[in-house]
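Please follow the description below with the sequence and the 3D view side by side, moving from one chain to the contact and then to the other chain.

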Amino acid sequence: MTQQYATLTQRIITHALLIIGLIISIFPFYWMMVMASNTTSNVYHIPPQLILGGQLWVNISHVLQNIPFLQNFLNTVFVAAVVTMLVLFFCSIAGFTFAKFEFPGKNILFVILLGTIILPTGGALVASYVIQANLGWIGGFLPLIVPSAVTAFGIFWMRQMSLSSIHSELVDAAKIDGCGHLRLYWHVAVPALRPALGFLGLLTFIGTWNDYLWPLIVLTDPKIQTLQVALAQLFGVYNTDISMVMAGTLLSTVPLIIIFFLGVRQFIGNISAGALKF
Amino acid sequence: MSSISQVSVAPESKSASREVASKGQVRKYMPMYLSIAPYYIIFLVFGLFPILFSLYLAFQKWDGIGAMTFTGWNNFYFALTDPVFGQAIINTFEIWIISTIPMLAVALVLAFALNMRTRSKFMYQVCYFLPNITATVAITLIFSALFAEQFGLINLALTGLHLPGVNWLTDAWPMKWALALMVIWRWTGYNSLVYMAGLQSIPTDFYEAARIDGANTWNVFRYITIPLLRPVILFTVISSTLGGLSLFTEPQVLFGSSGGTGHEGLTMSLYQYGQAFTSFHYGYGAAIGWVISIILVICTFINWNVVQRTER
């Protein structure tokens, strides 16, 4: 863009800024790995140890002894996977329907949907808990799964992507061939929406994996807790064994980073594109 | 967009343009309504109903076990005179100001700098975005180790430079700075990606024309880039306001429900959580939630007007 106009000084400053930003972004992850792979006394050593040690497996074993980590991990995977699949299905079929079909009240219903995105829901936290306690759901995974199974943002996203990715001629042709709504969705919409599904799926999975406040409130039994809630408990009680806490943190962060890197291309492009639509 | 009424038309639906009463039409549209229904049902049960119930709850006194007693405006009156809640509000705004302004400024500068490159731009974007996808709990734990008074890296670095160490987790303003730094670390990358998208939508002709007229980089930045970025800046300001004023996880993990020494790390959301789920004042918690929502709406409104109206 303006590259040919940048003076040498500007380019040096720009470069330095970018690299400083890079170091600041990455350093906490590196430091987490250092702490997780050293003993706690080494972590508190002066001068500080800045290289990776060899204690990783020892620390991990301590984690496994103190919290039902494997159970928490499986819980998190389960909740994140189920929510993601539900969101992908319900949001895509709804978005597809809003985009490619006409029916009475369609526009009003969609406007209402957009309106619900901006509703302030902070005060509803207590009420949601009370309602779901009365349903007998507290103590299971339902409070985490059912309310999050469809999102307005997801439907909005899928509608926009359906408008641009699905060819109406294909829909008409399939309809003439006698396809019902569900088959239309499965054979026409889903293949065309694959990148859109990838982005929404990644976003939903990461968001559910990282969710803290609501799981903290509804998951009171350590056996059904998700990773974030379990990790926070680890800190409160065992805050002297920082290398063990960091090993637990590492174990709960790495899977998500791997998944992130698998889908990052779609992520960055779509975040950029989505922002402009506001 | 194709309209299905062109493909298969039942004879009776031609005249019943508004009525959905005829059986043929209802059957025809049923799959569509079924496809979109799940969201509305879930929203009604888990979105709208809790909002209405919380409004009702805000006027009650309830500990979750016994009966609810109607207390009228007492909860709201108490909220407005509660010194701890007042401090929570002030803390939240202080943390929000010291985190949002540097974060958005740095994000804009980084976006501008990164936009001028073509090589390895993607790698930078990925690395800058990485802080945003990591779980807040995990990051808070890592930073708690960095901010530790005796052996945390940050204090060690400060003393190494012959500067005094800071009690990041027990002194009033350092606690707020610790929280602010975590927010800045987490969100600068995301906001710079958003700004980059905005920058890419500015036609290059503007820049070339300005260069030909002799503008230096600073003038280009000030008179072309920022005005044209205003909608995107509005988006980031409003998102940062809503997010920043709802700060919960970092203070809760670092300081617990009390907000640390002297309540200096207590945010509005943390106070609501503590009142409702730790002290079992469910009615009061609901009222606090409503006060917070009103504050958020007012702030969003102010943000909108300020950003929309600044003319250069």
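From the N terminus on, the elements of chain A run α-α-α-α-α-α-α-α-α-α-α-α-α-α, and in this predicted model the secondary structure of that chain accordingly comes to 14 helices and zero strands. Chain A has 278 residues, of which 42% count as buried. When the contacts within chain A that have a separation of 6 or more are considered, 74% of them are accounted for by residues 24 or more positions apart.

Helix α5 of chain A, residues 106-117, has twelve residues and reaches 17 Å from its first C-alpha to its last, which is close to the 16 Å expected at 1.5 Å a residue. Does this helix lie largely in the open or largely buried? Of the twelve residues of α5(A), the number buried is one, and a residue needs 20 or more other C-beta atoms within 10 Å of its own to be called buried, so α5(A) lies largely in the open.

From chain A the view can turn to the place where the two chains meet. The contact takes 84 residues from chain A and 83 residues from chain B. On the side of chain A that touches chain B, the largest share comes from helix α14 of chain A, residues 242-276, which supplies 14 residues. Sorted by class, that side of chain A has 59 nonpolar, 21 polar and four charged residues.

Chain B can be read through its domains. The domain assignment gives domain 1 of chain B as residues 4-57 and domain 2 of chain B as residues 76-309, and the centres of the two, taken over C-alpha atoms, are separated by 41 Å.

Two loop residues of chain B deserve a look at the backbone. H162(B), in the loop between α6 (153-160) and α7 (172-200) of chain B, has a positive phi of about 65° although it is not a glycine. Is H162(B) buried or exposed? It has 6 C-beta neighbours inside 10 Å, and because 12 or fewer make a residue exposed, H162(B) counts as exposed.

F280(B) also has a positive phi, of about 60°, although it is not a glycine, and its place is in the loop between α12 (268-278) and α13 (282-309) of chain B.

How values were computed. Residues numbered from 1 in each chain as written. Chains lettered and ligands numbered in written order. Predicted model: local features only at pLDDT ≥ 70, side-chain atom pairs only at ≥ 80, totals over all residues. Domains from an automatic or database assignment. Helix = DSSP H or I, 4+ residues; strand = E, 2+ residues; numbered from the N terminus. Expected span 1.5 Å × (residues − 1). Contact = placed C-beta atoms within 7 Å. Nonpolar A, V, L, I, M, F, W, Y, C, P; charged D, E, K, R; others polar.
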